[in-house]
4 protein chains.
Amino acid sequence: MSTTLPTSAVAAPAPGLRRHDAGVRGFASDNASGMHPDVLAALVAANGGHVGSYGGDPYTGALEAVLREHFGPDAESFPVLTGTGANVVALQALTQRWESVLVSSDAHVLLDEGGAPEHVAGTKLIPLPSPDGLLDPADLERAVEAAQSPMAAPVGALSLTQSTELGTCYSVEHLTQLCRTAHRLGLRVHVDGARLANAAASLGTGLGDITTAVGVDAVSLGGTKNGGAIAEVVVVTAPGAAPGVGRLRKQSLQLTSKARFVSAQLLALLEGDLWRRNAEHANACAARLAAGVRALEGARLTRPVQANGVFAELPTAVAARAAARVPFHVWDAHRAPGTVEVRWVCSFDTEAGDVDALLAVLGEELAASRGGA
Amino acid sequence: MSTTLPTSAVAAPAPGLRRHDAGVRGFASDNASGMHPDVLAALVAANGGHVGSYGGDPYTGALEAVLREHFGPDAESFPVLTGTGANVVALQALTQRWESVLVSSDAHVLLDEGGAPEHVAGTKLIPLPSPDGLLDPADLERAVEAAQSPMAAPVGALSLTQSTELGTCYSVEHLTQLCRTAHRLGLRVHVDGARLANAAASLGTGLGDITTAVGVDAVSLGGTKNGGAIAEVVVVTAPGAAPGVGRLRKQSLQLTSKARFVSAQLLALLEGDLWRRNAEHANACAARLAAGVRALEGARLTRPVQANGVFAELPTAVAARAAARVPFHVWDAHRAPGTVEVRWVCSFDTEAGDVDALLAVLGEELAASRGGA
Amino acid sequence: MSTTLPTSAVAAPAPGLRRHDAGVRGFASDNASGMHPDVLAALVAANGGHVGSYGGDPYTGALEAVLREHFGPDAESFPVLTGTGANVVALQALTQRWESVLVSSDAHVLLDEGGAPEHVAGTKLIPLPSPDGLLDPADLERAVEAAQSPMAAPVGALSLTQSTELGTCYSVEHLTQLCRTAHRLGLRVHVDGARLANAAASLGTGLGDITTAVGVDAVSLGGTKNGGAIAEVVVVTAPGAAPGVGRLRKQSLQLTSKARFVSAQLLALLEGDLWRRNAEHANACAARLAAGVRALEGARLTRPVQANGVFAELPTAVAARAAARVPFHVWDAHRAPGTVEVRWVCSFDTEAGDVDALLAVLGEELAASRGGA
Amino acid sequence: MSTTLPTSAVAAPAPGLRRHDAGVRGFASDNASGMHPDVLAALVAANGGHVGSYGGDPYTGALEAVLREHFGPDAESFPVLTGTGANVVALQALTQRWESVLVSSDAHVLLDEGGAPEHVAGTKLIPLPSPDGLLDPADLERAVEAAQSPMAAPVGALSLTQSTELGTCYSVEHLTQLCRTAHRLGLRVHVDGARLANAAASLGTGLGDITTAVGVDAVSLGGTKNGGAIAEVVVVTAPGAAPGVGRLRKQSLQLTSKARFVSAQLLALLEGDLWRRNAEHANACAARLAAGVRALEGARLTRPVQANGVFAELPTAVAARAAARVPFHVWDAHRAPGTVEVRWVCSFDTEAGDVDALLAVLGEELAASRGGA
């Protein structure tokens, strides 16, 4: 695992402008990090002069071509501003006004988007069970059947997350089964791919192999957590299934005027293999962390570690003391008495030393806890 | 008028990353330009390390303090991602679910936001007459009265644009009258300030002098057209009038995870006087252009030139040929036969030579037109 | 003009239940009246026993067959509960989420539906000029073109009202032109037919002759103002153009469980010719009233009288005193100084004597006004 | 239990108008029945002449007074058209745009309203566990806490159903606890009272005793299932908690022009004790049915029988054959293999003989099933 950050053409920041300690890193989220230097360099290059606004610029044009290399020659792409925005735009395009959407009971779109799908799209989300974040094709049929009642909102789409909110990945076979079942039932399939790069890196596939190739209709492809700053894009992999994305993007507040700056970030990640390198690095950090946690007495991994997130059960007091020393979040405060489930997320800029320092902190606090007990 | 761009700490772009000619500038819009170098420098400085996401970072905290210097000690601020997003979030906070909003018949929120206020907020917009983009306080009362019918959607707010879509500015007195009338009628007042800096520069006032001080309740303050890349912020100048902005921002797809990068741009513009310098410069370019157009035979200014936009009537063919040489837009294609109204917008990076070159092109095409006739 | 109400099988009301004077009638609106006795008789007949709910009853089935006789063999019908509900359901079915709708500047859906289209459907309405309530095909093209901007909400449908809010009727030729133009521009066509019966009676056509036959795609067909109590129905005359009405009806709060009672009312009106007799009667009363007004010194008809509404200009004080004696509404309080435009609406149960009494009141008040001047 | 229907002033239906067999009754739902004769008589009485529309009539005025006798002197009431409409209007008034609503996992508003709350109100519903349809106050706190995350939609209201979808009733103590907990957490409380009369009859209380008196803020009070045809009303029991209901009713398609006919139905039910007699009768029929089912070999009651619904487990084939003879619905087709849960609902017009006939059919089919096995 290399932890050397690449040399960049971007100069050192001007003195006085920096208001934070750039040497501090934690495990709170992969959105606590900033931009990869190559992404910043792309912003510098995209600056200057005048270009067409609202996507009529060479960076957005180049991005469309690059995304077709990843997602196939028919793919259409629409850069947007947030992951929630990508999800809400895509789900509107994939469904009729009166249709509902099946989601995982852990889904970001269900729990962490402030009610945006209901508010902006007017769409009912129907949660399905999802152990470790993964949906079971067998659950789709009953949910679709129940919603065929004239009193219900019929299901129009399935939305799944890859990698999942719980740090796991769907295999290609699993995805294929889900898409086949969904299509047989008349549903379109959406992937919330805020961390699609981490899944592809984990599975050793390309981005299209786990979307277009298995039958997915539209993807919210995230660049922000992959090393960008504000860099998301809706990729329609089956254009007939998702009309109107361009219009919905504007109407849903996701069209930026100076679009070149969003597209340039995504190009920096996706034109070469930076997306994969960043994801592999974050995943490797998570694996290193998981290995270390397995060796700690008093901690227990609670989910398979397949991407860049690590979940573990800790004594409540240990979690609190450790999080005060190295930032991370409690994921579930309502476990067995005296314990919580915590989440550590590794980022493109997490360093091996950061992982080792966290493990040392955990070891100390667990030891103190045992001594104090 | 200085046209020298400031020296910056940002290095030259890496070779191979630039896909456009940074020496080309036009008059299509102030969103065709990129970032002011100081804004880019601020992005560089804000990068690196981990900070709190979703606004829990030092840049967003510092921005709130800076905005209170501009808008008064009670002002609350919520960085967002687009001007349309700022308007839709602010209008939701200022109105009840069942209320409508009075707007200018030229308003961006009415004509150029893809139906977002209706789609996201469910809000009816009621257009009022607005010669040269300016609303008349005398029109408010009848509109409010008409909407008091139990069959109508009662009016909850007035939204005005400063500087207007037609390049004019409301005077302090005009604003004061509008706010007084609106408040007397029970309305809250919103300002679409995508170009508020240009208005303040034109009027020689501060930003708060034409908002907080005259009774405005909330502002969509634009940084993008002022030299930022993605830099907008909802400023609630009368907090009691606009509850829930933080929640509405998330629910309306306007909360970005790596918020430090939006706040840093706004800080670069607003902490010192860059916002004013950029606006004064763009306004001065527009004045230079307007003076030149007045001297052209066959062209006619159609609006007072009070900010950074210049509107003129040209023969249709002249407009088409000139726009093929220097980018700008036809504003109204349906004028007197054989003529169109065009719009030229100056930006923070417009140079005096750009203005003079445009004037030369117009002169040539007008002459050719006369010769050909 | 017969003013004899038909004998009915419905018994006299039980003493003590009646809380109003059933002998009082005015000209406020055709929704101030109650049910035609045959409609009430149909409710009596539809009562008793158990039938399928939500439309699975014999009355709703029979209504669909009757409506196909009127609107053609492909017509689909969906009974709903209010005229606003019919409009909002139909417009949602005729448009995509991101599309806007062209309407008359006098349209009920624009002015008198409390913002329901924006609130429930999220749809922007774009008003077009409409002298005497009638749209001009020549105005469609420019409106559609303007809304093709990527910043605008593209137009998906045209909604027109027949008979109009101003008591006029579109001719068959006028409708044909509007539909042809709309379809050429890619729009679907909706008719707000709250008073479609009055228009057909006025034009001497069937209901389908002014809808299906001229190219209309969906109709809000009103029974309430035609002699029903709660009796509206969305008729999809071009089923391919308006999918999902059944689902949208439920989702938009327009599906009643005991649907037999709505369908029975509509059957009473539409199975025979009661719809036409009621409309002809109301129209004839309006014509009688218009003839009388023409003879009054100091009153002036302001609109052609082609259906059951009469509009006139009166001195403000005369209007106020007359309305205190016979109920009617001021339509426009902002006319020439000292005058208002008033509206008188005739209903299925308006009697010739009611008209003559109103004329007498107007004559007296006008005379008193002249004497007093 | 009396099964004699009251004599009425309403005449026999005219021959030829009746399209159904008024002697057929089943157990499919309490909305398969028609109107109680006294309700029909009230419609007859309310007919004739002209009155103010949109609620400006003496019936609506009288209803408000009657509802204040039930729900307290501050209660405000707004007749509406459907139970779904009542729920969606009330929930909008009780919450801010950005708030979510806690509901039972069996709630009609969650499962059987076609996504209307999400579509019309843009509101996220958060389901809580509810054994036998009943919420546990202990579950509120965690749900509210989870939704306080800046990523979630904060909870603004609790909606409970009385009597529940599963035929049970909340006790006064249970309701008091729920309301206290909800208010302590800052929530408003809504009751879906489509069958509130059945609950009050079951508990031996008045309607206000289980709403206003225990702290409920607004009620969807159903008259349709209680013997009306189209007769629902939003009762705001704590006016300060639910502003704007009048406006929201119009905007949400629930304001009918000839409102006298809705109000007259509700008056017929609520002015005297018809509401209670109808509910007691239906409840008594359910109790008779439950007693009979308990005696059947092979059937098993699955829920406490506390109102007018009876739930039981039957062999799948028995359920199918019995439902072909007497209409009723399968409630849950996914129980233990070979069995389904069925629902029988008694109505105001269910007769003792209907119950006994159903029991006979069940007995026969169960016997045949045992014989065949």
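In this predicted model, the side chains of A:Asp30 and A:Arg195 are joined by a salt bridge with an N to O distance of 2.7 Å, a salt bridge being a side-chain nitrogen of Lys or Arg within 4 Å of a carboxyl oxygen of Asp or Glu. Chain A is divided into domain 1 (30–35 + 274–372) and domain 2 (37–270), with bounds that come from an automatic or database domain assignment, and across the interface of these two domains the rule finds two salt bridges.

The centres of the two domains, taken over C-alpha atoms, are separated by 28 Å. The contact (heavy atoms within 4.5 Å) takes 26 residues from domain 1 of chain A and 31 residues from domain 2 of chain A. Between the two domains an area of about 2,200 Å² is buried, 55% of it given by carbon and sulfur atoms; buried area is the accessible area (1.4 Å probe) that two parts lose on being put together, summed over both. Of the area that domain 1 of chain A buries against domain 2 of chain A, 35% is supplied by A:Met35, A:Trp275 and A:Gln306, more than by any other three residues.

Residues are numbered from 1 along each chain as its sequence is written, and chains are lettered from A and ligands numbered from 1 in the order in which they are written. Local features need pLDDT of at least 70, side-chain atom pairs count only at pLDDT 80 or more, and totals for chains, interfaces and linings use all residues, while side-chain values use heavy atoms, with hydrogens and water left out.
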